[in-house]
Amino acid sequence: MFEGRSYIVYAVEMVNIVKRFPGVLANDHVTVRVKKGEIHAIVGENGAGKSTLMNQLYGLYHPDEGEIFINGEKVVIRGPKDAIKLGIGMVHQHFMLVDTLTVAENVVLGSEPVKGLNFDMKKARQEVKELSEKYGLFVDVDAKIEDIPVGMQQRVEIIKTLYRGANIIILDEPTAVLTPQEVEELFEIMRKLKNDGKTILFISHKLHEVMEISNRITVMRLGKVTGELETSKTNPKEIARHMVGRDVVLRVSKEPHEPKDVIFEIKDLVVKDNRGLTAVNDVSFNVRKGEIVGIAGVAGNGQTELVEAITGLRKIESGHIYFEGKEVAGFTPRQLRELGMSHIPEDRLKHGLIEEFEAYYNIILGQHYRNPFANGAFLNHNNIFKYSEDLMEEFDVRPRKIDHLGGNFSGGNQQKLVVGREIRTNPKFLVVAQPTRGLDVGAIEFIHKQILKMRSLDVGILLISMELEEIFSLSDRILVMYEGEIMGEVKPEETTIEEVGLMMTGHRIEEARRG
Amino acid sequence: MNKKVMAILVPVVSVLIALAISTVIILLIGKNPIDAYGALIKGSFGSKQAIADTVIKTTPLILTGLAVGFGFRAGVFNIGAEGQMVMGALIAATFASNFGSLPPLLAIPLTILIAMSVGAGYAAIAGFLKAKTGAHEVVTTIMLNWIATYFASYMVTGPLKVGSGTPKSPEISDSCQLPVLMKVGAIEMSAGIIIAIIAAIFMYILLNKTTTGYEVKAVGFNPYAAEYGGISVGKNIVLAMAISGALAGLAGATELMGVHHRFLGELSGGKGFDGISIALIGQNNPIGIIFAAFLIGALRTGSNEMQFIGVPKHMVMIIQGIVIFLVAADRIVRTIMIRKRVEK
Amino acid sequence: MRVLEAIFLVFINPLFYKITLTAATPLIFASLGGVYSEITGVVNIALEGIMLLGAFTSVVFTWLTGNVWIGVFMAVVSGVALAWFHAWGSIKWAGNQVVLGTALILIAQGITGFLMEPIFGKPGQTDFVGKVEELRIPGLADIPFLGKIIGETSPFVYMAFAAVAFSWWLIYKTKLGLRMRSVGENPEAADTLGINVYGIRYFGVLMSGVWAGLAGAYLSVGEVGHFRELMSGGRGFIALAAMILGNYNPVGAMLASLLFGASSAFANQMQSSSLIHVSATVKPLFDMIPFILTIIVVAGFVGKSHVPKADGVPYEKEA
């Protein structure tokens, strides 16, 4: 039964997996072997096929070709139910939690304890508490998911897998939503789980994390495995080469540039979120022409509300917003655009694009009502087409078809379309939120270059990003946001990731400096 | 398969499937489907009168179809065309019985304007509530339909009542009546059909050539992106409902001014609801809507003839229901067609 | 003054409360149907059509068998059948749930109208075919005032309240209920835990057929003993409003239904008040009241109730 395979019994063996989606070969004869009791990292860029591979292990997708062995036995995983039976648990990148149910209810959902005909809530709470204590995974069993922080939500996800008796735990990009300190806590938990005999598959594209926690590494690129490495015998550079197929410059080079006058300023800004809770609390800062101000922070600390308030999408409770010295609080998005504000939104599918509109209609969004795109009440299609062709050429949007629907472009090209649209209006002030989320290295590089070009043209730029690396490599000044407040301001060349990390977890700059 | 071809094929195949199911139902009640469909065709196209009657029935259906279709394009589901039509016609009738002293050149546009404004305003209530509170327009417009029905019933049994028998309003002044295009026997075909076709052209231009069309479509597809792009979501929802309601009000006007010349209960007679199936069959495209309205108009006209041989005219409602169902779940039809192609 | 006096007399009359309960009964059933369907994530405006079909079917089978309870049972069967089409179109084929619901209402109106002549030989309205007798509860019926309200009334009224209690228990106290709520809120999460999302949604929609079918049976054999075309008269939509006002919770839906029932009962009692002479021509204005109230309620509360997050969104598994 071991023909053609090694004689070691692996916890997980995925052999020659092929998975096709319409137009994409997501996994191209991928083979991964994971030893029992190890932390095995699977690294690769966005779109390399890591999540697709893991979803097949968890039964959410079904391989077109190839075989899966669990503990040496060949298995067919038809759905999550089968995976759970085989002792596989998965913590998804986007948490799979029901917001309105409690922690305990979420953990037991699908394998609920019952007492007679009734669901046994008492037993559910008890069991969740026990697991929580055993592995040091602190959670509040009775809290609703919508009321607890992201870090705790992740612990709930891990408890979910343990509750189902998982021995093989898949963690898909678990650190993306965490602060550096929370990442350390997670690694502690992972080590504890490993010592308890669990096998862990750790999906990531952050090399230093992989180096720190894993035992072995499988590298993927464009759906193929490009390297199998022992962590102790490799280095980040080698992994990166396998990941992108060439030596990469990990940071774009930034020319020094002297900022000019203040173009944009907010004072004592207070904004509420959709639930009526204060999301931005008394925030003040300014942005000068030719300067990039970066706002760092863990997702959900008020950045979204801040951006929406600045761009006129959300009403403010109190405070002032000044554009070129003029009060603009309460202005509509259209008025702000007319003053020279542009906005690359954090969620391109929600705000940035109308998927059902052709590229040319997306390209004029925000300026559709004025010359040269409209004469009075009527659209001027000739001008719209001409402008769109130019823009798609300049920003290298592919396919270069102006009547392609917005939703049919790839993520990277959608983002180029949005970035191009916002930059081509020649703004004086540019708000950029999460500009490179989910993009590959090539597109990231392109977009970073565009942002820096705007800086050299003396545009004031506010950059909001969860990626510390992006913040560090682009910003001239960094503000750190935590629970709606600014914890402090630092310059990238005068600070460290650790210091910013501490501020992201609620330490004011003075405390962070003290350590 | 090509998207445009699909847009035509899905409704066509849906109609064919609906007719096939109806055939089975007719067989089940022991009637001969060939006789039934024969009567249907005879009733709608069998004579000059029949054809004229079909055109007359088609006229308001084009307009209600445009009303609902415009709503769909702007992301609102206006089930309230019925009520907007009733209110438009009712209020216009109230005024138009006193327009005798005005010349037709003034009286006709004025009556149309009243009906359209009332329809627009009535629909705008639902638009306003959706924009302000998020109340779903399907629930509110249906409630507004019932309110319109009861209000109209109050008006024609009370303040506006004339004569005995069927409750009805007084006849509108001659100067408010639409000119007759053609007279076939006792049937007078008014200029309403021309108004309907102009409305279809208007909708096409509005949706495809103007900034207003761009904005209502943007809000319909993705309100978040629209707002981000400086487009007022609330304003455009109200506007979309109002335009949709104006078209429904216009349907009320053509019925009032071209057919009944007074307000009475059967003036709307479900034509607003027919607008839903017409918009869906016509894929919300003005030209498609004209054809779809003609199809439903013919079915409605012919169904009276069918009734004579013992097949209740409710058959048409069942056919429409099945068509709407299949167009809504269009993957059923697509899957059937794809399977067919694979088998070949 | 006479009007105030008339209003006062309405409120101290036990008949007002009895009519409130009987007017609320079909709304309670139908809004429960809405709750089952929508907490699993399927918008169901077909309730109106299901009620109509249920009303018709129960009359047909009561007429055929002479037994009203067989009629009631068949109303449930027909309700489930029509609901199945809704489930099939919205769950299996991911169709637009609002449009599908509209189609099914039209089909129900078409079928019931179509079959009038072949079955009963005349359109419009059937003859009296029999009705569910009121149930007198000894002891309870003898209590003054209260006895006149709930001591002797249609068994459907008692059934409606039992149905609410049962539904509350099912949705909040059993694992099936937990799964229903999870599927309506985050179907993907439920799916990754091996829960059959489609199965649970089918259950929710088919149960809505059970309840709306009962609501329909009450309208015909439960209340008047005959069927009239379009006799559901918009109550399916009022029930949806009650469900929203009741925050998608069986008990809340019941309370909201009672409110709507009270508004109908009030209109009804005022019209027959001997103190103020309401002329027949004004009657339609009274009939408008529940519909106006529904609009106010929907507009006033829709933002405040928690709509299940996946309500109306078809769940599609990838590959």
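Predicted model: local features only at pLDDT ≥ 70, side-chain atom pairs only at ≥ 80, totals over all residues.
1. On secondary structure, chain C comes out with 14 helices and two strands. Its radius of gyration is 20 Å, close to the 20 Å from the globule rule for 319 residues, so chain C is as compact as a globular protein of that length. Along the principal axes, its C-alpha atoms fill a box of roughly 70 × 45 × 40 Å. As for burial, 56% of the 319 residues in chain C count as buried.

2. One helix to look at is α3 of chain C, residues 47–65. With 19 residues, α3(C) runs 26 Å from its first C-alpha to its last, close to the 27 Å expected at 1.5 Å a residue. Since 16 of those 19 residues are buried, α3(C) is largely enclosed by the rest of the structure. Just after this helix, C:G66 has a positive phi of about 80°.

3. Now the B–C contact: 36 residues of chain B touch 40 residues of chain C. On the chain B side, α5 (104–133), α6 (137–157), α11 (271–281), α13 (315–328) and α14 (330–343) each provide at least two residues. Which helix gives the most to that side? That would be α6(B), with 12 residues. Sorted by class, the side of chain B that touches chain C has 26 nonpolar, nine polar and one charged residues.

Methods
Residues numbered from 1 in each chain as written. Chains lettered and ligands numbered in written order. Helix = DSSP H or I, 4+ residues; strand = E, 2+ residues; numbered from the N terminus. Rg over C-alpha atoms; globule rule 2.2 N^0.38 Å. Buried ≥ 20, exposed ≤ 12 C-beta atoms within 10 Å, placed from the backbone. Expected span 1.5 Å × (residues − 1). Contact = placed C-beta atoms within 7 Å. Nonpolar A, V, L, I, M, F, W, Y, C, P; charged D, E, K, R; others polar.
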